[in-house]
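Subject: Handover of a structure and notes on it

Dear colleague,

Please find below the structure that I am handing over to you. I would be grateful if you could look through it alongside the notes that come after it.

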Amino acid sequence: MSSPNALGHDYSGPRLFESLRDTLPPSLVPDKSKIIVVIALSYYVTGLLGVRLATPHAGATAVWLPAGVSLAAILLRGTRVWPGIFIGAVIVNLTVGVSILPSLDIATGSTLAAILGSRLINRFAQGTRSFFKSGDTLRFVLLVGLVTALGAAFAVFILCGYHYAGWSEFMRLWRLWWVGDVLGTLLLTPFLVLLLGDKHPSLRLVELSELTILLVGLSVVCVLNFGPPIFSWPPKSGLHYLCVPFLVWAAIRFCPLEAAGATLLVGGFTMWGSLHGYGFFAPTSGYQS
């Protein structure tokens with residue numbers, strides 16, 4: 001049971017929360033606590049994966065999937081789920097050894113970047129319908145590039161300001177951070193938005209069989225490129241070009257969801273190979289949020 005203070009104001013937990021909530025704009029009032037928890041957990045899990053993909057001596061990851069989780073969450077559920085992004089980002093940063101103040105600052109930047117990105121995409125690229133017309137998709141890509149560039153600049157500014165990196169490294173870290181956010185967003189956001197934000201007709205048996213052949217063939221090519229060297233005959237430069245026909249096949253013959261899924265599959269195999277010492281990215285520790 002709570003008691004009022006000397007001025008007679010009741011500072012009980014629920015009433016204090018309600019008073020703080022009433023001071024926020026309606027678009028920033030958090031709700032849907034279960035969804036917020038799911039978003040925070042998704043951010044944290046994908047963040048740990050991203051940390052393992054950090055480039056050597058960079059402090060930034062090659063592919064940062066939480067950026068994709070963040071943008072998809074705001075696009076699908078609106079601004080009110082922002083606490084999930086913020087909490088997930090803070091926990092990831094604390095987990096990898098960043099102190100509390102820079103963790104809060106970086107998490108703020110990540111949250112604001114997702115909100116800004118969703119606002120721009122809703123305004124100029126049809127929001128969750130961005131992937132059904134080529135013009136909207138192009139604008140989505142350009143806006144993602146712009147917003148992630150701003151977010152990366154803010155995050156690296158925080159790192160340099162708190163002496164986690166030198167100012168002479170600003171541009172190099174910014175480029176790495178930006179590329180990680182762009183790749184993570186372009187890989188994951190379209191798939192999540194298409195999967196969770198739209199209804200999908202059932203595939204006929206012929207279509208399901210064709211899709212199965214496509215995914216199996218693409219998986220085999222990805223294993224040859226990004227997995228352990230099972231055979232000696234592939235060239236050292238790899239057979240990466242063999243992924244392209246499968247991606248084109250998915251784009252022409254199936255809906256945007258299947259095309260986004262095929263792209264995510266290639267990215268997933270690339271990350272899997274990298275985590276096991278194969279591919280282009282050496283696994284090491286790092287931070288980015």
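The notes below begin with the basis of the model and then turn to the helices and to individual residues.

This is a predicted model, in which local features need pLDDT of at least 70 and side-chain atom pairs count only at pLDDT 80 or more, while totals for chains, interfaces and linings use all residues. Residues are numbered from 1 along each chain as its sequence is written, and side-chain values use heavy atoms, with hydrogens and water left out.

Overall content

The protein chain contains 10 helices and zero strands, and its pattern along the sequence reads α-α-α-α-α-α-α-α-α-α. Helices (H or I, at least four residues) and strands (E, at least two) are DSSP runs, numbered from the N terminus. Of the 289 residues in the protein chain, 44% count as buried. Here, buried means under 20% relative accessible area, exposed means over 50%, and partly exposed lies in between (1.4 Å probe, protein chains only).

Helix H6 has 28 residues, and the distance from its first C-alpha to its last is 40 Å, close to the 40 Å expected at 1.5 Å a residue. The expected span is 1.5 Å times one less than the number of residues in the helix.

Two packed helices are described by the angle between their axes and the distance between the axes. The axes of H6 (residues 134–161) and H7 come within 8 Å and cross at roughly 140 degrees. Such axes are lines fitted to C-alpha atoms, for helices over the stretch in contact, and the angles run from 0 to 180 degrees between N-to-C directions. H6 and H7 are therefore oblique to each other; angles under 35 degrees count as roughly parallel, over 145 as roughly antiparallel, 65 to 115 as roughly perpendicular and the rest as oblique. By class, the contact of H6 with H7 has 19 nonpolar, four polar and one charged residues. In this classification, Ala, Val, Leu, Ile, Met, Phe, Trp, Tyr, Cys and Pro count as nonpolar, Asp, Glu, Lys and Arg as charged, and the others, Gly among them, as polar.

Helices H2 and H3

The axes of helix H2 (residues 33–52) and helix H3 (residues 65–77) come within 8 Å and cross at roughly 160 degrees. H2 and H3 are therefore roughly antiparallel to each other.

Loop residues

Most residues other than glycine have a negative phi, and most peptide bonds are trans. Gln126, in the loop between helix H5 (100–124) and H6, has a positive phi of about 70 degrees although it is not a glycine. His163 lies in the loop between H6 and H7 and has a positive phi of about 65 degrees, again without being a glycine. With a relative accessible area of 69%, His163 is exposed.

Lys133 is found in the loop between H5 and H6 and is exposed, at a relative accessible area of 58%. Lys133 and Pro256 are 123 residues apart in sequence, and their C-alpha atoms are 9.8 Å apart in space.

Buried residues in helices

Leu194 belongs to helix H7 and counts as buried at 3% relative accessibility. Its C-alpha atom is separated by 9.6 Å from that of Ser130, 64 residues away along the chain. Ala262, in helix H10 (residues 256–275), is buried, with a relative accessible area of 0%. Between the C-alpha atoms of Ala262 and Leu218, 44 residues apart along the chain, the separation is 8.0 Å.

With kind regards
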